[in-house]
Amino acid sequence: MKDFVAIDFETANGKRSSICSVVKNGEIVDSFYSLVKPTPNYYAWFCQEVHGLGYCDTDDADFFPDVWTKLQEKVHTYFPYIEDGEVPFVAHNAHFDEGCLRSVFAAYEIAYPCYEFRDTLYASRQHFGNSLENHQLHTVSAACGYDLTNHHHALADAEACAWIAREIL
């Protein structure tokens, strides 16, 4: 698989902050990172413990529809020949990230275009089997030769996911 968008979401409370890294021909060609004002706008302490984001980080952030429009414009820069939803997304534990995306589309009453997701967690289990102690993002990225130094920062996680996808998908 050569053309894909690696994506990762961090959540404030069950709603979303957004990130992705755009990958073409197996190389990261560009990155996009944006904080998103959560809907609803509150933070659960356990989410803050994971990623360190809070009100002060997202008070001036755009709402999801504006961020998603900017992301789609960037994706179309690299994939001008595709329609929305035709370039697959890659995520580690894609079930979570696809659920985030579906939920935020629903929250804003935006029609969901049925994006295709590929899962590096699933691929890792198939590729490495029991040879790894676990299949967490930082473990798999290390096994693929990538040093994930800022785990749970959405851009760092998306870039690690892109690296894993390039290596094993």
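User: Why is Asp30 called partly exposed?

Analyst: This is a predicted model, and the value is computed from it. Asp30 has a relative accessibility of 21%. Buried means under 20% and exposed means over 50%. The value for Asp30 falls in between, so Asp30 counts as partly exposed.

User: What makes Asp30 and Lys74 a salt bridge?

Analyst: The closest N and O atoms of Asp30 and Lys74 are 2.8 Å apart. The cut-off is 4 Å, from a side-chain nitrogen of Lys or Arg to a carboxyl oxygen of Asp or Glu. The pair is within that limit, so the name applies. The pair also links distant parts of the chain. Asp30 sits in strand β4 and Lys74 in helix α3, 44 residues apart.

User: Is Lys74 buried or partly exposed, and how do you know?

Analyst: Its relative accessible area is 23%. Buried would need a value under 20%. Lys74 is therefore partly exposed.

User: How many salt bridges does the whole structure have?

Analyst: The search finds five. Among them is the pair Glu98 and Arg102, at 3.4 Å from N to O. Both residues lie in helix α4. They are four residues apart, about one turn of the helix. Arg166 and Glu167 also form a salt bridge, at 3.1 Å. In general, side chains of opposite charge can pair when their charged atoms come close.

User: What makes Tyr122 exposed?

Analyst: Tyr122 has 52% relative accessibility. The line for exposed is over 50%, so Tyr122 passes. Tyr122 is in helix α5, residues 120-128. The C-alpha atoms of Tyr122 and Tyr43 are separated by 30 Å.

User: Which class does His76 fall in, and why?

Analyst: His76 has a relative accessible area of 28%. That lies between the 20% and 50% limits, so His76 is partly exposed. His76 belongs to helix α3. From His76 to Pro88, the C-alpha atoms are 13 Å apart, with 12 residues along the chain between the two positions.

User: What makes a set of residues a nonpolar core?

Analyst: The members are buried nonpolar residues joined through side-chain atoms within 4.5 Å. The largest such core here has 23 residues. Those with the most contacts inside this core include Trp68, Phe89 and Leu101. Elements giving two or more residues to this core are β1, α3, β5 and α4. A second, separate core has 12 residues, including Val140 and Ile164. As a rule, nonpolar side chains in soluble globular proteins tend to be buried together.

User: What does Leu101 touch, leaving aside neighbours within four places in sequence?

Analyst: Leu101 is in contact with Phe9, Phe64, Trp68, Phe89, Tyr112, Tyr115 and Phe117. Contact here means heavy atoms within 4.5 Å.

User: What lines the largest pocket?

Analyst: Its lining holds 21 residues. Asp8, Glu10, His92, Phe96 and His152 lie nearest its centre. The volume of this pocket is about 370 Å³. α1 gives the most to the lining, with four residues. By class, the lining has 10 nonpolar, seven polar and four charged residues.

User: Which exposure class does Glu109 get, and why?

Analyst: Glu109 has a relative accessible area of 76%. Exposed needs over 50%, so Glu109 is exposed. Glu109 also has a positive phi, of about 55°. Its place is the loop between α4 and β6.

User: How do you know that the peptide bond from Thr39 to Pro40 is cis?

Analyst: Its omega is near 0°. Most peptide bonds are trans. Pro40 lies in the loop between β4 and α1.

Terms used: Residues are numbered from 1 along each chain as its sequence is written. This is a predicted model: local features need pLDDT of at least 70, side-chain atom pairs count only at pLDDT 80 or more; totals for chains, interfaces and linings use all residues. Side-chain values use heavy atoms; hydrogens and water are left out. Buried means under 20% relative accessible area, exposed over 50%, partly exposed in between (1.4 Å probe, protein chains only). On a 1 Å grid over the protein atoms alone, a cavity is a set of points where a 1.4 Å probe fits but cannot get out, and a pocket is an open set with protein on both sides within 12 Å along at least five of seven lines; lining residues have an atom within 4 Å of a point. Grid points are joined across faces, edges and corners, and a volume is the space filled by probe spheres set on the points. Ala, Val, Leu, Ile, Met, Phe, Trp, Tyr, Cys and Pro count as nonpolar, Asp, Glu, Lys and Arg as charged, and the others, Gly among them, as polar.
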